[in-house]
Amino acid sequence: MPTRSTTRSTPDITLAGRGLLGLAGMPAAELRGLLKASREMRRAMDDAVRIEPVLARRVVANLFFEDSTRTRTSFSVAARRLGAEVVDLMGFASSVNKGETLVDTALNVEAMGIDVLVVRARQSGAAADIARAVRCPVVNAGDGRHEHPTQGLLDTLALAIAAGREEDFDLRGLRVAIVGDVANSRVARSAIAAMTTLGARVVCVGPPGMAPAGLKAMGCEVSHDLDAVLPNLDAVMMLRIQFERHGEEGGKSDGADKRASAFASIREYRAFYALTAERARRLKPAAVVMHPGPMNRGLEIDGEVADGPRSIILAQVTCGVAVRMAVLRACVSPA
Ligand code: NCD
């Protein structure tokens, strides 16, 4: 009996020899290829179709120098579903604390016979530095404020499915708002790159310090007035305030201090930029609500909106596993 396997017929796309460091500048055809491969993986998950173990006898190393629950687990689940062995190396429990550089750590891990390195780091550009030094493909799982490409892909996949655009990933005519601390968000950078390349109109919304005019250079619009853009949206993606990144550039970061002063004005922030239940009622009937997580319920988003009928937040998480399966597979498939 022939084995039913959708993963065999997925579109050809390869990341072999280069991995995935970011989505900025990626051509639309390549984005669509990755998204179509992800969509097939997503369908395979749904139908419980046998997923071909294309990563059997391969080792995927999660090299995480910064906190993560969702992303690391998602990469692990994806790698295991494709038959790979997974090694978890967390920065806080590694030799980085003994003064070893990130690149040295990565070179040592690679020397143990790793096939794909998944890297998360606090510094923008760290994944690229590591990719230059090692021979195996590197997947950026979030580097500082720079990019988080698999998150951008999963956000785009979830949006396309919700909007019925998953056949061709043509997002023209869709209007998406990314709301909150956009300036500090690698999630926003990757989502803006993917969504605008595929034709969506993206507007970044937040106070001027969080949504500065300079963001327009990425091909999006900028607004400081959520209530004005709300009625025209097809999707609204809420972001967490990245307290830990505030003040980083000025040298010593003091997250607790920043958090305290930011919370002094949290009521004001909520008044203008939170997705409250009342604001959600002013969205178009078919508009969807997104959040990359982790969420601060009652701060940037009300719990009843996060759990409400418009929310595709958990669908984003499911799409994440599909995207990471597609990306990991593309990393080891021949060019
Ligand atoms: C984000 C991240 O770490 O970049 N979370 C995620 O990966 N889903 C966003 C955040 O930390 O707010």
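Biologist: Which residues in helix 12 does helix 1 meet?

Modeller: This is a predicted model. From helix 1, the residues involved are Leu34, Ala37, Ser38, Met41, Arg42 and Met45. In helix 12 they meet Thr318, Cys319, Val321, Ala322, Val323, Met325, Ala326, Val327, Arg329 and Ala330.

Biologist: How many nonpolar, polar and charged residues has the contact of helix 1 with helix 12?

Modeller: Charged residues number 2. Polar residues number 2. The nonpolar count is 12.

Biologist: What is the angle at which helix 2 and helix 12 cross?

Modeller: Helix 2 covers residues 70–81. Its axis and that of helix 12 come within 8 Å. The pair is oblique, therefore neither roughly parallel nor roughly perpendicular. The crossing angle is roughly 55°.

Biologist: Which residues of helix 12 make the contact with helix 2?

Modeller: Helix 2 supplies Arg70, Thr71, Ser74, Phe75, Val77, Ala78, Ala79 and Arg81. The contact has 8 nonpolar, 3 polar and 3 charged residues. On the helix 12 side stand Val317, Gly320, Val321, Arg324, Met325 and Leu328.

Biologist: What percentage of residues in the protein chain is buried?

Modeller: The chain has 12 helices and 9 strands. It counts 335 residues. Buried means under 20% relative accessible area. The buried share is 56%.

Notes:
Residues numbered from 1 in each chain as written. Predicted model: local features only at pLDDT ≥ 70, side-chain atom pairs only at ≥ 80, totals over all residues. Heavy atoms only, no water. Helix = DSSP H or I, 4+ residues; strand = E, 2+ residues; numbered from the N terminus. Buried < 20%, exposed > 50% of the residue type's maximum accessible area, 1.4 Å probe, protein only. Contact = heavy atoms within 4.5 Å. Nonpolar A, V, L, I, M, F, W, Y, C, P; charged D, E, K, R; others polar. Axes fitted to C-alpha atoms, helices over the stretch in contact; angles between N-to-C directions. Parallel < 35°, antiparallel > 145°, perpendicular 65-115°, else oblique.
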